[in-house]
Amino acid sequence: MRESARRSLCVLAAVALGATACAAGEERERLHVFAAASLTDVFTGLAEGFEDAHPGTEVTLNFAGSGDLAVQITSGAPADVFAAADTATMARVAGEGGVDPAWAAEHGERGAVFATNTLRIAVPPNNPAGVGGLADLAEEDVAVALCAEEVPCGAASRTATDAAGVEVTPVTYEEDVRAVLTKVELGEVDAGLVYATDVAAAGDRVRGLEFPEADTAVNAYPIAVLAGAADPGLAAAWVDLVRSEAGRDALAAAGFGAP
Amino acid sequence: MRSGRSPWILVLPALTGLALLVLPLTGLVVRAPWSTMGERLGDPAVLTALGLSLSTATAATACSLLLGVPLAWLLARTEFPGRRLVRALVTVPLVMPPVVGGVALLLVLGRNGILGRHLDAWFGVTVPFTPAAVVLAQVFVAMPFLVISVEGALRGADRRYEEAAATLGASRAAVFTRVTLPMVLPGVGAGAALCWARALGEFGATITFAGNFPGTTQTMPLAVYVAMRHDPEAAVVLSLILLLVCLAVLAALRERWTNT
């Protein structure tokens, strides 16, 4: 009844004001999720289920580097949820009043950690240099690719090698973790340090070796409802989905660790 | 040239075009933290990257001259089947995103590449992650500029001089070095300058094929890119240094070659 009443009002409005007036009333509710690029596959999968569970909602996903997203959010981009690849970036957004205060009161000012990512030694499937652990990367005849120390994976690699007490001189400092992975996939280097999620994404094109020192450089992924959220309830529902059993399963399948 | 008022139909688009090219540079100059310029110029890491950039770009230009001028001559002065296709192939690196060019170079000359595999097995030579790889990447993206401008110059040159030299008994090689080359020298100079500038700014193919290691393969554009990730101000300063050096060298050469 109410729907039909609204529709007839709309028709009236359309007659009076022109057809554009109707468009606003029929628009579906949009949820803007800003997420670190490494979450692309997982969040794209979760969005389908979310849209089915919340009819009339459309999830708009914006994937980029966490730092770039933080700049967009603090510059006023329309964002409802932010999932960052490191706690420092989320802390920066929170520091500028970017996190929804009501949500923060319940879940923490700097977001809730929903996943972790750890380093792996990626080697070509046949492991030509016979790499078994971090110490092998220091061997002179082993060609290694690392992330540049200016980018997060490079800082993590540094922490891990320092913890192991090995000094690795790579043949190249790559600009991001995917570039390291590519060099390993092509067999141009004997080993590279990448994240577990990158190994999972590469399938059987690379082998990932776990190593104990990886525990010193675990990357935590925090998520938060943002202060600018158009519908904080809906945004919180997305966060709950990510932290639910289904969300955790999807994250685990992509190589993420539990928080 | 007749003096008088220039037609606005040419001046207006010319000025708009100029603005489009110069405005981004203005942004860079205005935003640059000039006070830190001297400090950065004294930074050994910056000087290493700058030195590597200048030497590799010069080596790449020398290679391009050695290979590209004969290639341009072949395209402009000889008839062979598939010439149009060859000319189109020469322009492929211009169209291809440089990163793709870098991957293509890896697939051919990398350790597991089609040719690189044998280089490694027979001679123990691996090309990627060496300064030679930087030069190769630069030649790949920059040589087409040289070939196209030299070919254009050759097509524009008056062939009657070459024919006269030939009827007087000069061999084809002598005609090329004594008549053709001096005639198209301005075109070669312009092509070499373009090629050098493009090589100096090369980024995508270099970082993909040669990697990024300070002192060996980290050229200025790579240093700029890495700096951008954590210290954008430093990146602006580094870009300006590269730009100023490039402009200074090109201006000096232009003065020399063309006396204008």
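Reply: Two residues count as being in contact if their C-beta atoms, placed from the backbone, lie within 7 Å. Among the contacts in chain B between residues at least 6 apart in sequence, 75% join residues that are at least 24 apart. The model is a predicted one, in which local features need pLDDT of at least 70 and side-chain atom pairs count only at pLDDT 80 or more, while totals for chains, interfaces and linings use all residues. Residues are numbered from 1 along each chain as its sequence is written, and chains are lettered from A and ligands numbered from 1 in the order in which they are written.

Chain B has 14 helices and zero strands, where helices (H or I, at least four residues) and strands (E, at least two) are DSSP runs numbered from the N terminus. Its C-alpha trace spans about 65 × 65 × 30 Å along the principal axes. Of the 260 residues in chain B, 33% are buried, a word used when 20 or more other C-beta atoms lie within 10 Å of a residue's own.

One place to look closely is B:Gly116, which belongs to helix 7 of chain B, a run covering residues 116-123. B:Gly116 is buried because 21 other C-beta atoms lie within 10 Å. Leaving aside residues up to four places away in sequence, B:Gly116 touches B:Val108, B:Leu109, B:Gly110, B:Arg111 and B:Val127. With B:Val127, which stands 11 residues away along the chain, the separation between C-alpha atoms is 7.5 Å.

Further along chain B comes helix 11 (residues 185-200), whose 16 residues reach 22 Å from the first C-alpha to the last, close to the 22 Å expected at 1.5 Å a residue; the expected span is 1.5 Å times one less than the number of residues. Among the buried residues of helix 11 of chain B are B:Gly187, B:Val188, B:Cys195, B:Trp196 and B:Arg198.

Chain B also meets chain A, in a contact that takes 14 residues from chain B and 11 residues from chain A. On the side of chain B that touches chain A, the largest share, four residues, comes from helix 13 of chain B (residues 220-230). That side of chain B divides into seven nonpolar, five polar and two charged residues, with Ala, Val, Leu, Ile, Met, Phe, Trp, Tyr, Cys and Pro counted as nonpolar, Asp, Glu, Lys and Arg as charged, and the others, Gly among them, as polar.

Chain A contains an open sheet of five strands in the order 7-6-8-5-9, with mixed pairing, two strands being paired if DSSP finds at least two bridges between them. Strand 7 (172-174) and strand 9 (207-209) of chain A stand at the edges with a single partner strand each, so one side of each is left without a neighbour in the sheet. Strand 5 (residues 119-123) and strand 8 (residues 191-195) of chain A run antiparallel and are joined by four bridges, and A:Ala122 has A:Gly192 in strand 8 of chain A as its bridge partner.

Elsewhere in chain A, strand 10 (residues 219-225) is mostly covered, with six of its seven residues buried. Strand 10 of chain A pairs in the antiparallel sense with strand 3 (residues 81-83) of chain A over three bridges, and with strand 4 (residues 112-117) of chain A, also antiparallel, over five bridges. Within strand 10 of chain A, A:Ile223 is the bridge partner of A:Ala83, while A:Pro222 stands opposite A:Val113.

How values were computed. A residue is buried if 20 or more other C-beta atoms lie within 10 Å of its own, exposed if 12 or fewer, and partly exposed in between; C-beta atoms are placed from the backbone.
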